[in-house]
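User: I'm new to this one and would like a quick tour. Can you take me through it in a few questions?

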Amino acid sequence: MPVLTRLIPSPVVVDIRRGALDDLAGLLADQRISASGKLAVAISDGSGRALRERLTPALPGAHWYPVTDGTLDSAVKLADDIKGNRYDAVVGLGGGKIVDVAKYAAARVGLPMVAVATNLAHDGLCSPVATLDNDNGRGSYGVPTPIAVVIDLDIVRQAPARFVRSGIGDAVSNISCVADWELAHEVNGEEIDGLAAAMARQAGEAVLRHPGGIGDDAFLKVLAEGLVLTGISMSVAGDSRPASGACHEINHAFDLLYPKRAASHGEQVGLGACFAMHLRGAREESLHMAATLRRHGLPVVPEEIGFTADEFVQAVDYAPQTRPGRFTILEHLNLSTDQIRDAYADYAKAIHS
Ligand SMILES: [Zn+2]
């Protein structure tokens, strides 16, 4: 008997709208995620204070755990602190760091995790990965997908615009990531998961083609949904492949080579994706992507985030080493430094003309 369908690890609840936070207690009770209301809520020590004050009356059974940073140590400490207290769930209420710390801690103590994202900076809010700083820099840890994802658009709007911009770059970069995956399939016979590829690409295309801007609810909703679907696409694929290609290798290279000057994840992957599309000969797609990123205030050439063309060339040159084993357009072309320089000059000319 063949398997006729498959089950996908995915959240029981996805609630993306204005005012979603006001209904958080009811949602957790209704969905039987927390009937007793006993919750461990991880929240940022600084920026989370106002939210904590606002939510305390609605969540009387919650215990609040201030988290100071996004390190593995903080995540292990949180797990130790919440262990043995018979919570129904762990809530990560904040930006990417808080969500990732809560994901890891929840996995460690075997509790479901609720992601309440206060910004849209990247696609990690619903992914099966926790990215945490450790002694060796930064590590990615496999964790279960959150049981619920809540995004209050009113809260997202209060975050600095650069966070939303970063999410746009990360979502749009999916298009290049999936193209890299398809290339690896064609050239190396790497297995490609059509469903994961479809989810990630459609999320990227929807954000790419949406006529709205970061001030519109309709646009923010499409972006938030796109980031959630991207996270689930990684669960479907079993790794970050659908949302991490050459653009992400370039991003890692920026982080490693210029740790003090690195720009946001979305700014770097967006720029990386435009260049990667150019490298693969998809010139029109590259220009379309660049025009969209520009419209949203994102960089499309390195100078716009404070790097010289030569520093960008160095980053592209170094990029394949950041992710050994991942095959993208960079590994495929295997360009020399001079060839990268020429390709970049060609790209910059196309962008500026
Ligand atoms: Zn990303």
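Predicted model: local features only at pLDDT ≥ 70, side-chain atom pairs only at ≥ 80, totals over all residues.

User: Which residues are the protein donors of the zinc ion?

Analyst: Going by that cut-off, we look for protein atoms close enough to count. The donor atoms lie 2.1 to 2.2 Å from the zinc ion.

User: How many residues apart are D170 and H248?

Analyst: D170 sits in helix α6, residues 161–188, while H248 belongs to helix α9, residues 246–257. Both D170 and H248 are buried. The pair links distant parts of the chain, 78 residues apart.

User: What does R6 form a salt bridge with?

Analyst: R6 is in the segment before β1 (13–17), and its partner is in the loop between α6 and α7 (194–209), so the bridge ties together parts 187 residues apart in sequence. The closest N and O atoms are 3.0 Å apart. The partner is D193.

User: Is K103 buried or exposed?

Analyst: K103 forms a salt bridge with D100, with 3.5 Å between the closest N and O atoms. The two are three residues apart in helix α4, so about one helical turn separates them. Buried means under 20% relative accessible area. K103 has 1%, so the word for it is buried.

User: And how many salt bridges does the structure hold?

Analyst: D133 and R138 make one of them, at 2.8 Å from N to O. Others share partners, joining R18, D154, R157 and D217 into one network. The total is 22.

How values were computed: Residues numbered from 1 in each chain as written. Heavy atoms only, no water. Donors = N, O, S within 2.8 Å, 3.2 Å for Na, K, Ca; no water. Helix = DSSP H or I, 4+ residues; strand = E, 2+ residues; numbered from the N terminus. Buried < 20%, exposed > 50% of the residue type's maximum accessible area, 1.4 Å probe, protein only. Salt bridge = Lys/Arg side-chain N within 4 Å of Asp/Glu carboxyl O.
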